Amino acid sequence: MHIKFPFDSHKPIAGEACIDIDKPVDDVFQYVGENFFENYPKWAVEIVDFEPLDGKEVFIGAKAKQIRNDNNGEIESVFEITEYQPKSKLIFQGLTQPYKHSYLLEAIQEDRRPTRLTFRFEFLELEVFMRPFEKLIRCAIEDGAENTVENIRNLILVECN
C-alpha cells in the first residue's frame, strides 16, 4: 500500500532577502565573491569551524567544509561552488546536506552605487517528519536571510572604506 502525504518531501523550502549596499558592484563582488573563503565566516556568524578544501581561490567546483552551530548542536557539511559569475553571482550547494546558498548582485545604476545584494537560502529536501513545521522553518530561514544581508552590508561598509 502506497501512503500519500499531503505535502511533497522533495519540495524546497526557501527564504530570500535583498539589501542595497552603498558601494559599487565591483567592491561588493570582491568582498562576497572573490574573497568568499576569507569573508564567509565573518558574515555567517553561526559557523564555528570553516576550511576551504581546494585553497582560497574561488572557482566552480571549489569545495569547503563547515561546522555550524545550530539549535540542535553542531552540524558539519561539505559544499561546492556550483555557479560563479564575476560581478553577478556566487552559488554553492551542499554535498553532504541538501541546501543551496545563492548570492546575486545587481548594479542599480550602471557603474554606480548602490549595489543590490540578494541572498537566497534553500533546503532542497526536508525530512518527512519535519514537514509539519514547514512554516516555522520558512520563517527561520527568512530571518536568517535578513540577518545575512545585514551582516554583509555592515561588514562591507566598515571593511571596504
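Student: Which residues does Ile47 touch, not counting those up to four places away in sequence?
Tutor: In this predicted model, Ile47 touches Tyr40, Pro41, Gln66, Ile67 and Arg68 once residues up to four places away in sequence are set aside.

Student: Where is Ile47 found?
Tutor: Ile47 belongs to strand β2, which covers residues 47-52.

Student: Is Ile47 buried or exposed?
Tutor: Ile47 is buried, because its relative accessible area is 12% and the buried class takes in values under 20%.

Student: Which residues is Gln66 in contact with, leaving aside neighbours within four places in sequence?
Tutor: With those neighbours left aside, Gln66 is in contact with Tyr40, Ile47, Asp49, Phe50, Ile75, Glu76, Ser77, Phe79 and Tyr99. Tyr40 is also touched by Ile47.

Student: What joins the side chains of Gln66 and Tyr99?
Tutor: A polar contact of 3.1 Å joins the two side chains. The side chain of Tyr99 also has a polar contact of 2.8 Å with that of Ser77.

Student: And Ser77, is it buried or exposed?
Tutor: Ser77 is buried, since its relative accessible area is 3%. Ser77 is placed in strand β4. Beyond four places in sequence, the contacts of Ser77 are Ala64, Lys65, Gln66, Thr96, Gln97 and Tyr99.

Student: In what sense do β3 and β4 pair, and over how many bridges?
Tutor: The pairing of β3 and β4 is antiparallel and extends over eight bridges. A hairpin of two residues connects β3 to β4.

Student: Which residue in β4 does Arg68 stand opposite?
Tutor: Arg68 stands opposite Ile75. Arg68 is also one of the residues that Ile47 touches.

Student: How many bridges join β4 to β5?
Tutor: Six bridges join β4 to β5, the strand of residues 89-94, and the two run antiparallel. Within this pairing, Ile81 has Phe92 in β5 as its bridge partner.

Student: How many residues are between β4 and β5 in their hairpin?
Tutor: Three residues are between β4 and β5. Lys87, in the turn, has a positive phi of about 65°, although Lys87 is not a glycine.

Student: How accessible is Lys87, by its relative accessible area?
Tutor: Lys87 is partly exposed, because its relative accessible area is 47% and that class lies between the limits of 20% and 50%.

Student: Changing topic: how much space lies in the largest pocket?
Tutor: The largest pocket holds about 1,300 Å³ of space. Its lining has 38 residues, of which Asp70, Ile75, Phe121, Phe123 and Ile141 are the closest to the centre.

Student: Which elements each supply at least two residues of that lining?
Tutor: They are α2 (36-43), β3 (63-70), β4 (73-85), β6 (99-107), β7 (115-123) and α3 (134-159).

Student: Which element gives the largest share?
Tutor: The largest share comes from α3, with nine residues of the lining.

Student: What is the lining like by class?
Tutor: The lining of the largest pocket has 20 nonpolar, 13 polar and five charged residues.

Notes: Residues numbered from 1 in each chain as written. Predicted model: local features only at pLDDT ≥ 70, side-chain atom pairs only at ≥ 80, totals over all residues. Heavy atoms only, no water. 1 Å grid on protein atoms, 1.4 Å probe; cavity = no way out; pocket = protein on both sides within 12 Å on 5 of 7 lines; lining within 4 Å. Points joined across faces, edges and corners; volume = space filled by probe spheres on them. Helix = DSSP H or I, 4+ residues; strand = E, 2+ residues; numbered from the N terminus. Nonpolar A, V, L, I, M, F, W, Y, C, P; charged D, E, K, R; others polar. Buried < 20%, exposed > 50% of the residue type's maximum accessible area, 1.4 Å probe, protein only. Contact = heavy atoms within 4.5 Å. Polar contact = N/O pair within 3.5 Å; in protein donor to acceptor, adjacent residues only side chain to side chain. Pairing = 2+ DSSP bridges.
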